[in-house]
Amino acid sequence: MVAPDVSSDVDAARTVSLTGPGHLSGSLRVPGDKSISHRALLLAGLAEGESLITGLSGGDDVRRTRLALESYGVQIEPAGDGLRVRGGLQDEPDEPLDLGNSGTATRLFAGVCAGRDGYAVLTGDQYLRARPMNRVAVPLRAMGAAIDGRRDGDLLPLGVRGGRLTGIDYDSPVASAQVKSAILLAGLGASGPTSVREPAATRRHTEEMLRDFGGKVAVDGTRVTIEPSPLSATDVDVPGDPSQAAFWTVAALIVPDASVTVENVYLGFGRTGFIDVLRRMGADIDVDASTGLIRARSTRLTGIDIAGADIPSIIDEVPILAVAAAAATGTTTISGAQELRVKESDRIASTVRMLRAFGARAHETEDGMVIEGGAPARGGVVDSHGDHRIAMAACVNALIAEGTTVIHGWDSVATSYPGFAAHLAALSGGAVTLSA
Ligand code: S3P
């Protein structure tokens with residue numbers, strides 16, 4: 001078993017290089033799920049009493065949520081290999097909240113700040129400062145919060161003056177778990193119930209975890225309603241992140257004679273779409289839902305059509321699925337994925353550029369991409385555009401490329417998966433290493 005979250009100097013390198021083709025086998029545990037980690041800390045911070053949170057993602061994104069809670073006066077201390085959180089937020093933070101690269105932390109905190117009788121400023125790095133915030137600001141304003149920012153209130157830094165909010169019934173124009181979660185968190189302290197309807201169902205961590213913390217949440221199809229309710233402390237053991245497991249799953253499928261097992265992965269609603277998509281491509285994958293195990297072996301993959309209804313459940317896995325498509329026989333089309341344009345990078349553009357750097361035939365469409373699989377991959381020069389998932393997807397593609405691959409912007413991987421390079425070295429028996 002490969003040890004989890006092994007750090008190495010390579011994690012902080014701006015540029016790395018590696019040489020394929022690689023060999024890959026073994027088992028590992030990936031870092032704790034990022035979505036669950038943010039919510040575990042946040043809900044523990046809002047709850048009355050002490051919660052013990054274990055298995056947290058060690059990435060910078062989740063560290064930002066911890067720091068933001070500390071700015072709100074929440075006491076968080078190491079306890080064994082977890083964190084003990086004593087709930088209780090001040091009305092306002094002592095300083096601007098710097099959420100780094102994390103869209104999830106920003107949108108979730110927007111909901112929390114809106115519900116507090118105080119003033120907060122939210123900001124982040126150059127990539128986060130370019131991402132749209134009106135998707136959360138519009139409903140939070142409708143609940144009574146005063147929110148402003150650059151570009152008509154859409155861009156960070158955002159100033160949020162919160163207070164006593166009024167519950168709303170909101171039809172969200174985007175299928176976004178972050179938007180849904182911001183509204184539900186604001187609804188916790190509103191007068192009257194708050195409902196959100198999504199155009200398509202997204203991951204349900206907030207609903208599930210609010211219930212664990214004693215919140216009153218009802219789910220009816222794509223509509224979620226929260227009644228104002230105090231939360232009470234509970235312990236959370238965060239399972240492994242399926243979005244990180246997806247990198248090793250695809251690596252095992254495309255590297256010849258490979259077999260990789262990922263253990264203790266979260267396999268709940270809205271997060272396993274990548275397994276379904278890969279199986280439709282012909283992938284040999286075993287799943288044991290009771291233990292969260294995913295085992296994948298080398299398989300000849302075939303191109304497929306991936307359309308709008310598939311997208312919410314693979315929203316973070318498109319870059320690595322595109323790598324699988326480039327290695328497959330035949331054409332893969334991805335459509336209905338315009339949300340990818342406003343991720344950590346414009347992921348339609350950065351994914352296509354990454355594939356082309358390896359010699360793949362791929363082009364962008366307005367809401368997706370077309371990939372003609374089967375061209376032999378050759379090492380290339382890739383820019384992550386500050387996007388961790390592009391950097392890791394490129395690294396997996398490099399495993400089947402002839403020659404050396406250079407990845408600029410590798411340090412972005414530390415936002416979600418410090419130790420990725422160490423896991424690769426271990427799975428390849430030391431044969432593939434990243435050099436700074
Ligand atoms: C997340 C929701 C998704 C996803 C992100 C994590 C969450 O974003 O891409 O990585 O934890 O709620 P959107 O809500 O913007 O789709």
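**Figure 1. The buried residues of helix α7 and the elements that cover them.** In this predicted model, helix α7 spans residues 205-212, and its buried residues are H205, T206, E207, M209 and L210. Just after α7, the chain passes through G214, which takes a positive phi of about 90°.

**Figure 2. The packing of helix α8 against helix α10.** Two packed helices are described by the angle between their axes and the distance between the axes. Here the axes of α8 (residues 242-254) and α10 (residues 318-327) come within 9 Å and cross at roughly 10°. Because angles under 35 degrees count as roughly parallel, α8 is roughly parallel to α10. On the α8 side the contact is made by A246, F247, V250 and I254, which meet I320, V323, A324 and A327 of α10. The residues of this contact divide into eight nonpolar, no polar and no charged. An α-helix has 3.6 residues a turn, so residues three or four places apart point the same way.

Figure 3. Strands of a sheet pair through backbone hydrogen bonds, either parallel or antiparallel. In this view three strands form an open sheet in the order β1-β23-β22, with mixed pairing. The edge strands are β1 (15-20) and β22 (381-383), each of which pairs on one side only. From one strand to the next, the twist averages 20°. The pairing of β22 with β23 (residues 403-408) is in the parallel sense and runs over three bridges, and the bridge partner of D383 in β23 is H408.

Figure 4. Most residues other than glycine have a negative phi, and most peptide bonds are trans. At L156 and P157, however, the joining peptide bond is cis, with omega at about -5°, and P157 has its place in strand β9 (residues 155-161). D257, a residue other than glycine, has a positive phi near 55° and is found in the loop between α8 and β15 (259-262). With a relative accessible area of 69%, D257 is exposed, since the cut-off for an exposed residue is over 50%. N264 also has a positive phi, near 60°, in a residue other than glycine, and it is found in the loop between β15 and α9 (273-280). The relative accessible area of N264 is 30%, so this residue is partly exposed.

Figure 5. I334 is found in strand β19, which covers residues 331-334. Its relative accessibility is 3%, so I334 counts as buried, the limit for that class being under 20%. Leaving aside residues up to four places away in sequence, I334 touches I306, I311, V318, T365, D367, G368 and M369. One of these, V318, lies within the span of α10, residues 318-327. The C-alpha atoms of I334 and R347, which are 13 residues apart along the chain, are separated by 12 Å.

**Figure 6. E70 in helix α2, with Q90.** E70 lies in helix α2, which covers residues 60-71. At 29% relative accessibility, E70 counts as partly exposed. Along the chain E70 and Q90 are 20 residues apart, and their C-alpha atoms are separated by 9.8 Å.

Figure 7. A disulfide is a covalent bond between the sulfur atoms of two cysteines. The structure holds zero disulfides. C113 has a relative accessible area of 1% and is therefore buried. C395 likewise counts as buried, at 1% relative accessibility.

Technical notes
Residues are numbered from 1 along each chain as its sequence is written. This is a predicted model: local features need pLDDT of at least 70, side-chain atom pairs count only at pLDDT 80 or more; totals for chains, interfaces and linings use all residues. Side-chain values use heavy atoms; hydrogens and water are left out. Two strands pair if DSSP finds at least two bridges between them. Helices (H or I, at least four residues) and strands (E, at least two) are DSSP runs, numbered from the N terminus. Axes are lines fitted to C-alpha atoms, for helices over the stretch in contact, and angles run from 0 to 180 degrees between N-to-C directions. A disulfide is a pair of cysteine sulfur atoms within 2.5 Å. Buried means under 20% relative accessible area, exposed over 50%, partly exposed in between (1.4 Å probe, protein chains only). Angles under 35 degrees count as roughly parallel, over 145 as roughly antiparallel, 65 to 115 as roughly perpendicular and the rest as oblique. Contact means heavy atoms within 4.5 Å. Ala, Val, Leu, Ile, Met, Phe, Trp, Tyr, Cys and Pro count as nonpolar, Asp, Glu, Lys and Arg as charged, and the others, Gly among them, as polar.
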